[in-house]
Amino acid sequence: MKRATVGSAALASAVLGTCSTFAKEAPPIAPAAPLRLDVFPAAPQRDIVIRACAACHAPEIVVAKRHSIDEWDEIIAKMVDRGAVANEKEQQQILEYLVKFFGPT
Ligand code: HEC
């Protein structure tokens, strides 16, 4: 019996192609201007968000677009993967903050 040659490359690309939200990579951002921390409204979680999310890029990057709770959840996970420093509890607080002020309209 002959074995059918299955296109394993097609399978691999189907698996790798599942991360759709972040398929488009923006160029790295070098914040030369002073941080515009005023884009973050006052709230108990604000300091955590500033510490964890304004370390690599300007705050404006974070708040440029509104996102649903699921999207924010994914973004936070992705940023933590990249090196954002926030434990589980802090990630939850960041999520609450971002959804409250920058959630869907
Ligand atoms: C270790 C560095 C680092 C930290 C810390 C970090 N980010 Fe990012 N972030 C990046 C880089 C690099 C990009 C640009 C590449 C991209 O868009 O995927 C980015 C882009 C973004 C974007 C735009 C993405 C898009 O596709 O529109 C958002 C929103 C964002 N970050 C939110 C956050 C939030 C929220 C936090 C805090 C939990 C955070 N970032 C912390 C590195 C970081």
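Modeller: Two things before you start. This is a predicted model, so to speak: local features need pLDDT of at least 70, side-chain atom pairs count only at pLDDT 80 or more, and totals for chains, interfaces and linings use all residues. Residues are numbered from 1 along each chain as its sequence is written.

Colleague: Okay. What elements does the protein chain have, and what makes something a helix here?

Modeller: The protein chain has 5 helices and 0 strands, and from the N terminus on they run α-α-α-α-α. Helices are DSSP runs of H or I with at least four residues, strands are runs of E with at least two, and both are numbered from the N terminus.

Colleague: How do you know what span to expect for H4?

Modeller: The expected span is 1.5 Å times one less than the number of residues. H4 has 14 residues and reaches 20 Å from its first C-alpha to its last, close to the 20 Å expected. H5 (residues 88-102), with 15 residues, also reaches 20 Å, close to its expected 21 Å.

Colleague: Why is Lys-65 called exposed?

Modeller: Count C-beta atoms, placed from the backbone, within 10 Å of the residue's own: 20 or more others means buried, 12 or fewer means exposed, and in between is partly exposed. Lys-65 has 9 others within 10 Å, so it is exposed. You'll find Lys-65 in the loop between H3 and H4.

Colleague: And how much of the protein chain is buried?

Modeller: Of its 105 residues, 12% count as buried.

Colleague: Which residues of H4 are buried, and why do you say they line one face?

Modeller: They are Ile-75, Ile-76 and Met-79. Seen down the axis of H4, they fall within an arc of 100° (taken from the directions from the helix axis to the C-beta atoms), so they line one face of the helix. The face turned away from that buried side carries the exposed residues Asp-70 and Asp-81.

Colleague: What covers the buried residues of H4?

Modeller: The cover includes H2 and H5. In H5, the buried residues are Gln-93, Ile-94, Leu-95, Tyr-97 and Leu-98, and they pack against H2 (46-53) and H4 (69-82).

Colleague: What makes a set of residues a nonpolar core?

Modeller: They must be buried Ala, Val, Leu, Ile, Met, Phe, Trp, Tyr or Cys residues, joined through C-beta atoms within 7 Å. The largest nonpolar core has 12 residues in all, among them Phe-40, Val-62, Met-79 and Leu-98. H2, H4 and H5 each supply at least two residues of this core, and the largest share, 4 residues, comes from H5.

Colleague: Which residues does Met-79 contact, leaving aside its neighbours within four places in sequence?

Modeller: Met-79 is in contact with Cys-53 and Ala-84. In contact means that the two C-beta atoms, placed from the backbone, lie within 7 Å.

Colleague: How many residues surround the ligand, and which are the closest?

Modeller: There are 20, and the closest are Cys-53, Cys-56, Met-79, Gly-83 and Ala-84. A residue is near a molecule or strand if its C-beta atom, placed from the backbone, lies within 6 Å of it. H4 gives the most to this shell, with 4 residues.

Colleague: How do the residues of the shell divide?

Modeller: Into 15 nonpolar, 2 polar and 3 charged. Ala, Val, Leu, Ile, Met, Phe, Trp, Tyr, Cys and Pro count as nonpolar, Asp, Glu, Lys and Arg as charged, and the others, Gly among them, as polar.
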